[in-house]
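Here are my notes on this one, written for someone opening it for the first time. Have the sequence and the model side by side as you read.

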Amino acid sequence: MDIELIEYVSRFVDISEATEVHFLHTVKFSLPKEIRESFPELESTALKDRQESIEAVVREHFHPTREVITTTSIVSSVNKLKGVVEAIGKYDIDLTIVGRSASKSKYSVVIQRLARRAPCQLLIVPEGTIKRIDSNDILHKFLVPVDFSEYSKLALERAIMMGARNNQNNDVEIVCQHVFSVPSGYHYTGKTKKEFAQIMKKNAQETFDDWITTFDTKGVKITSVLSEDINEDKTSDIKDLAQKIDADCIVIGSKGSTATVALFMGSTAERLVKNAVNFTLMVVRKKGDYQGIMDQIMKL
């Protein structure tokens, strides 16, 4: 889905603050030693041919309406994940955009690992996304799951920033969804489960009303949806609402900056990366506030 992803990025650039776009292709060479010795120019020639091919595709399909610096790199690496993560560090990347193929489930595994390891924000674009949008409709409706934490704040700020750039006709909307659960001991209060759910919902709405006043919404319409989690799986509630409102993008914050986070970015974000395969998903984390497992080990 290279062409589709390049065209999507071309439109995404127009509603982002991006100044540079790096197109990256990873390749693995596993030539026997004897072959490398007999044909020492084989690998470099193959890489050059591959780069020229990728550059031609980019020239044909990358046409943002504003000017940005564009580079194309071919990286020889033992695996895709290592190549991408190394490139993120090399180019000081703020946001990595990857495609998710509908027919190749193995790429989902790479994406899950990338979401855990990448020291930057991640935007996952499922195959077929470009077909459901026109040139003016790339991101008009956002869904931001919130729990009123610092990570939710980062996610909402990112959605507001993108939405404001695409809000010329005042038709951008950000839906903030808070999924709440009724505690197991609710019956000790003398309330029915339905009654206690209403209390939880009312409290969540009051919390949201106070929380949203701390944001500069930049003129973007923001609404709230409060959902009761009845199956102990918040991701199903998020996916259901995304489907209902026909969300262009789900934006969720990723927790923390420790070695543990490299393995678990937060259960909700983790499950969305794994299971929300039909939705465009942005995982937001604070740049410079992430440290990999090896960094943590070195400090012990």
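Which residues of α6 are buried? Point 1 has the list, after a word on what we are looking at. This is a predicted model, where local features need pLDDT of at least 70 and side-chain atom pairs count only at pLDDT 80 or more, while totals for chains, interfaces and linings use all residues. Residues are numbered from 1 along each chain as its sequence is written, and side-chain values use heavy atoms, with hydrogens and water left out.

1. **Helix α6.** The buried residues here are S152, L154, A155, L156, R158, A159, I160, M162 and G163. Buried means under 20% relative accessible area, exposed means over 50%, and partly exposed is in between (1.4 Å probe, protein chains only). Helices (H or I, at least four residues) and strands (E, at least two) are DSSP runs, numbered from the N terminus. The 16 residues of α6 (150-165) should span 22 Å at 1.5 Å a residue, and the end C-alpha atoms are 23 Å apart, so the two agree. That expected span is 1.5 Å times one less than the number of residues.

2. **The loops on either side of α6.** F148 sits in the loop between β5 and α6, and N170 in the loop between α6 and β6. Both are worth a look for their backbone: phi of F148 is near 70 degrees, positive in a residue other than glycine, and phi of N170 is near 55 degrees, again positive in a non-glycine residue. F148 is partly exposed because its relative accessible area is 21%; N170, at 64%, is exposed.

3. **The sheet.** Seven strands form an open sheet in the order β3-β4-β9-β8-β5-β6-β7, with mixed pairing. Strands count as paired if DSSP finds at least two bridges between them. At the edges are β3 and β7 (221-228), each pairing on one side only. From one strand to the next, the twist averages 20 degrees.

4. **The β3 end.** β3 (95-100) runs parallel to β4 (121-126), joined by six bridges, and L95 has Q121 as its bridge partner. Three bridges then join β4 to β9 (281-284), this time antiparallel, with I124 opposite L281. In β3, T96, V98 and R100 are on the covered face, and L95, I97 and G99 on the uncovered one. In a regular strand the side chains alternate between the two faces of the sheet.

5. **Helices on the sheet.** α8 (234-245) lies across β5 (141-145), β6, β7 and β8 (249-253), at about 150 degrees to β6. Such angles run from 0 to 180 degrees between N-to-C directions, with axes fitted to C-alpha atoms, for helices over the stretch in contact.

6. **H178.** This residue is in strand β6, and its relative accessible area of 14% means that H178 is buried. Its side chain reaches the backbone oxygen of V146 at 3.0 Å. Leaving aside neighbours within four places in sequence, H178 is in contact (heavy atoms within 4.5 Å) with V146, D147, F148, A204, V225, L226 and S227.

7. **Helix α3.** L47, I54, V58 and H61 are buried in α3. They cover an arc of only 80 degrees around the axis, so they are on the same side of α3; the arc is taken from the directions from the helix axis to the C-beta atoms. Their cover includes α1 (2-14), β1 (20-27) and β2 (69-76). The face turned away from the buried side carries exposed K48, R59 and E60.

Conventions
A polar contact is a pair of N or O atoms within 3.5 Å; within protein, one must be able to donate a hydrogen and the other to accept it, and residues adjacent in sequence count only if both atoms are side-chain atoms.
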